[in-house]
Amino acid sequence: MRRIDLKEPNHHSKQRQFCTFQISRHFYGVDILDVKEIIDEIAITKIHHAPEEVLGFINIRGHVYLVIDLRTLLSFDKKEIDESSRVLLFTSDVGEAFGILVDNIGHMVEVDEKKIEFRNQDDNQLDNSDKRINSLEIGACKLDGRLLVILEARKFLDVIKNKDE
Amino acid sequence: MKYLFNISITKKIWISLSIIIAAYMFSMILGTSLEKSTELKLSDISNDLLPITLSSQTALIRYTEQIRLYNDAIMLGEISHIKAAYACASDVSNALKTILSSKCIRSDNQLKIKNILTTYEQFIEDANYIYSRMCENTENFESENSKKAAQLAKQTKFLKQEIQSLSHVLSEDLKQEFSDIIKRTQSNRELSFVVFFIVVISVIALTHFIISRSISSPLKNTISMLKDIAEGEGNLTARIPIENKDEIGELSTWFNSFIQKLQDIITKIANNATLLNASSGQLSEYAKQMIDNMAQLTTKSADVSYATEVLTTNINSMAISAEEMSLNINSISVTAEDIAKNMNSAASSVDKMSTSLNAIGKDIQDGQNIATQAMDLSSEATQNMNMLGTAAREIGQVTGVIKRISVQTNLLALNASIEASTAGEAGRGFAVVAEKIKQFASQSTRSAEDIALKITDVQQKTQNAINVIEKVTNIVEKLNQSYASISQTIEKQIDISYDLSLRINEINSGTNTIASSISQAASGVNEMSKNTGGAASTTNEFANIISSVNSASENSNQCAQNVQIQATELDVIAATLNKIVNKFVV
């Protein structure tokens, strides 16, 4: 186990905040500092010949964002967009303007960093699909009987690109 | 030969026995005839040869005695001896004559005897003369008669020889005859033995032939045929060949006809078994149909039974009513006279009743009006309730809006908290505000959900209320109808009471006659009551009968099922029978 070095260390070195959401019945979270905004008006414009993870473009107040289907990326079954579906938009620090489609948005949670168990990134023995998930899931922590899987927002686009190559 | 085979066995046995007896008779006759010839021979001997021989012996002995007597006479010189000699000489001559008279003497012997006889007679005279002279005159004798005596002695010797040879010849003949007889007897015995042997063998052979050809072999044929039929595969087409017309032939004929009949019967049985098989199949089907029909009948009869029970109840109640009526009529009859007395007061009572009825009619009218009002009110209540339902639904929609707003607020609060986090320490206060907003949003969501639940409850209760009001409306409607009918009845009663009051005076006059009529009516009603009771009991009986019909039909159903079972069994039996019958070759 090794601790990952954060580019922007928090002022409270021990406490970290995560924006949580649900895919299927699984509970995921991304660093709140990577999140720009959460939107519920989802009007997606499709891109033809794009990878299957890329759902299309979305127009938010004149800015265009790429929307990635997190279900497809994490190898879940596909699901239609419904009234509880949300899109998380990330800041420009994370990468070029994009967001991810999730089933359900949760709350903002604050976790002591000691409670987080980070994953070993050694993935030589894994196949392609597992490698992808492995590079996305950087760790997990227990929350009131539920397991929160922490995803690295910066890896989403890389994973799609790597797969295309 | 053909005839021999066609006669009966008893006759055959009789023929065999008679053949044996005939053979026995034949041998007996043969033996008897042979013995007869021997006997004849022997009788010849005893009648002729033996007396002749004996005579010749006698002649020889007498002659010898004569000669001796002559010699004695000469020696002693007594004439008496000569006379005795003469007697002997006559004996000899008689014996010789007897021999001569015999038939069986040979001709040469006959001639010889004649010669002897002639010579002997001469000799007797000479000897008599000479010996008597010799006895009387012995001195002269020698000279004169010595020559004659010598001649006489010569003759005597000759005669003696002749007689001796004769007796010898005769005895030889006798011997010869006896030896002949012995020889012949021996040959006869051998012959008869050979003949007997031949006859016995031939009789045995013939009897055996007859018995074996005409009795044993047909019996054996018949037995082998019967065995073939009995042990074979039930081949009934086989027949015993009839060779003869005796008892066995008859037996075979009758057995053949028996087999023929058996074959016919088995053929008929086979045909009938096939028919039976088909029939039992049909029977089974019919039994099934019968069961269906019986089931229908049972349901029908159960229906009838139920109907009859209802009828019985009705009739019973009718009977009870009739009895009550009878009782009432009786009491009426009893009180009719009182009525007659009380008619005046009745008239006033009727008037009172009429007014009371009028009051009741008014009240009923009021009740009807009230009921109509209640119906109107209840329909209004229903409308109001429906409106309440609609309002509740609208409130439900409003809660939906509230829910959506709270969700939006929640999102807004989340975005605000993100912003606050990004702002770092500067956003701390803002983060608290955002948290509060979030709490508020979740509270509104809960409240909205609560309201939604309550609204659903209200809607359900409204629906219940509507249902209750509908029921009330129905009841009120029925009440209204009842009021209407009561009102009508009361109106009629008012009319009737009016009529009643009008006619009471007329009635008053006819009350006495009515009283008597009522007693008659009472008796009539009594009768009716009885009749109704009878009808009730009859109906009861009918009900019992129907129920027994019901049970009978159930039994029949059971029976039909049994019949079906039996038919199935019969089917099996018919199949078995068919199988058994098919074993026979017909």
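Student: What makes the crossing of H2(B) and H4(B) left-handed?

Tutor: The model is predicted, and its geometry is computed from the atoms. A crossing counts as left-handed if the near helix is turned anticlockwise from the far one by less than a right angle. The crossing of H2(B) and H4(B) gets that label. The axes of helix H2 (residues 9-76) and H4 of chain B cross at roughly 25° and come within 8 Å.

Student: Why is H2(B) called roughly parallel to H4(B)?

Tutor: Set the angle against the cut-off. The crossing is roughly 25°. Angles under 35 degrees count as roughly parallel. Therefore H2(B) is roughly parallel to H4(B).

Student: Which residues in H2(B) and H4(B) meet?

Tutor: From H2(B) come Tyr70(B), Ala73(B) and Ile74(B). They meet Ala127(B), Tyr131(B), Met134(B) and Cys135(B) in H4(B).

Student: How many nonpolar, polar and charged residues has the contact of H2(B) with H4(B)?

Tutor: Seven are nonpolar, with no polar and no charged residues. Ala, Ile, Met, Tyr and Cys belong to the nonpolar class.

Student: How do H3(B) and H4(B) compare: roughly parallel or roughly antiparallel?

Tutor: Helix H3 (residues 79-101) and helix H4 (residues 107-136) of chain B pack at about 175°, and their axes are 10 Å apart. Angles over 145 degrees count as roughly antiparallel. That makes H3(B) roughly antiparallel to H4(B).

Student: What makes the contact of H3(B) with H4(B), and how does it divide by class?

Tutor: H3(B) gives residues including Ile79(B), Tyr86(B), Val92(B) and Leu100(B). H4(B) gives residues including Gln110(B), Leu117(B), Ile124(B) and Cys135(B). By class, 15 are nonpolar, four polar and two charged. Lys114(B) and Glu121(B) take part from H4(B); Lys and Glu count as charged.

Student: How many helices and strands has chain B?

Tutor: Seven helices and zero strands. Along the sequence the pattern reads α-α-α-α-α-α-α. Of the 586 residues of chain B, 18% count as buried.

Student: Is Ser317(B) buried or exposed, and how do you know?

Tutor: Count the C-beta neighbours. Ser317(B) has 11 inside 10 Å. A residue with 12 or fewer is exposed, so Ser317(B) counts as exposed. Ser317(B) lies in helix H6 (residues 247-423) of chain B.

Student: How many residues separate Ser317(B) and Ala536(B) in sequence, and what is the distance in space?

Tutor: They are 219 residues apart in sequence, but 9.0 Å apart C-alpha to C-alpha. Across chain B, 84% of the contacts with a separation of 6 or more join residues 24 or more positions apart.

Student: What joins E5(A) to E6(A)?

Tutor: Six bridges, with E5(A) and strand E6 (residues 63-69) of chain A running antiparallel. Ile58(A) has Tyr65(A) as its partner in E6(A). E5(A) and E6(A) form a hairpin with two residues between them. Arg61(A) in the turn has a positive phi of about 50°.

Student: Why do E9 and E10 of chain A stand at the edges?

Tutor: Another open sheet of six strands has the order E9-E1-E2-E12-E11-E10 (chain A). E9 and strand E10 (117-118) each have a single partner strand, so one side of each is left without a neighbour in the sheet. Two bridges join E10(A) to strand E11 (residues 137-143) of chain A. Glu117(A) is paired there with Ala140(A).

Student: Which elements of chain A give two or more residues to the side that touches chain B?

Tutor: Strand E1 (15-23), strand E3 (35-39) and strand E9 (104-112) of chain A. E3(A) gives the largest share, three residues. The contact takes 11 residues from chain A and nine residues from chain B. The chain A side divides into seven nonpolar, two polar and two charged residues.

How values were computed
Residues are numbered from 1 along each chain as its sequence is written. Chains are lettered from A and ligands numbered from 1 in the order in which they are written. This is a predicted model: local features need pLDDT of at least 70, side-chain atom pairs count only at pLDDT 80 or more; totals for chains, interfaces and linings use all residues. Axes are lines fitted to C-alpha atoms, for helices over the stretch in contact, and angles run from 0 to 180 degrees between N-to-C directions. Helices (H or I, at least four residues) and strands (E, at least two) are DSSP runs, numbered from the N terminus. Angles under 35 degrees count as roughly parallel, over 145 as roughly antiparallel, 65 to 115 as roughly perpendicular and the rest as oblique. Two residues are in contact if their C-beta atoms, placed from the backbone, lie within 7 Å. A residue is buried if 20 or more other C-beta atoms lie within 10 Å of its own, exposed if 12 or fewer, and partly exposed in between; C-beta atoms are placed from the backbone. Two strands pair if DSSP finds at least two bridges between them.
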